[in-house]
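Colleague: Could you take a close look at one part of this protein for me? I'd like to hear about the nonpolar core and what surrounds that topic.

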Amino acid sequence: MKRYIIFSLLAVQFYSCSNGTIPPNQVQSPNGKISVNFVMVDGKAHYNVCYNDHQVLQNSQLGIIREDGNFSNNLSLTSNSKMESVHEEYVLLHGKKQKAVYDANRKTFHLSNISGDQINIIFQVSDDGVAF
């Protein structure tokens, strides 16, 4: 079982940063240089980040334990949203530029725990960074 998990993680790392079609659990920046890959391993949610097809953040576990539920293990991915574009324009009060433009791509992953409680993880990737 341990070998299977290690092989799965290595396969995800190789596939996640390679060029080609965008996997269903990947979110890319508008310019395509930054990508976040979401993967479930042994009931736990993980993500990694690539920049120019090089992994800059290795698989990191996501999760939260609250009074009303444990969302750190025994999770299952129930669905994910389609990639949606985010475009915002706003005026800065101070700085070198008055008008700022923000573009990003957003995707939501819907998870449920062993009790059936649900949690959503939203990744938003811009040309400058990653947020979740």
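Predicted model: local features only at pLDDT ≥ 70, side-chain atom pairs only at ≥ 80, totals over all residues.

Modeller: Let's get our bearings with the overall layout. The protein chain has one helix and eleven strands, and going from the N terminus the order is α-β-β-β-β-β-β-β-β-β-β-β. Of its 132 residues, 33% count as buried.

Now the core itself. The largest nonpolar core holds 15 residues, and the members that touch the most others are F38, L62 and F123. At least two residues of this core come from each of strand 2 (34-41), strand 3 (44-51), strand 9 (99-112) and strand 10 (118-126). As a general point, nonpolar side chains in soluble globular proteins tend to be buried together.

Leaving aside residues up to four places away in sequence, F38 touches N25, A45, H46, Y47, L62, L77, F109, L111, I121 and F123. So L62 and F123 are among the contacts of F38, if we go by heavy atoms within 4.5 Å. On the scale of the protein chain, 48% of the contacts with a separation of 6 or more are between residues 24 or more positions apart.

Y51, V56 and L57 make a nonpolar surface patch of about 260 Å². L57 sits in strand 4 (residues 54-62), and it counts as partly exposed because its relative accessibility is 32%, which falls between the 20% and 50% cut-offs. Altogether, the protein chain exposes about 8700 Å², with carbon and sulfur atoms supplying 52% of it.

Methods
Residues numbered from 1 in each chain as written. Heavy atoms only, no water. Core = buried A, V, L, I, M, F, W, Y, C linked by side-chain atoms within 4.5 Å. Buried < 20%, exposed > 50% of the residue type's maximum accessible area, 1.4 Å probe, protein only. Helix = DSSP H or I, 4+ residues; strand = E, 2+ residues; numbered from the N terminus. Patch = residues over 30% accessible without salt bridge, like charges linked within 9 Å, V, L, I, M, F, W, Y side chains within 5 Å. Areas by Shrake-Rupley, 256 points an atom, 1.4 Å probe, with all protein chains shown as cover. Salt bridge = Lys/Arg side-chain N within 4 Å of Asp/Glu carboxyl O.
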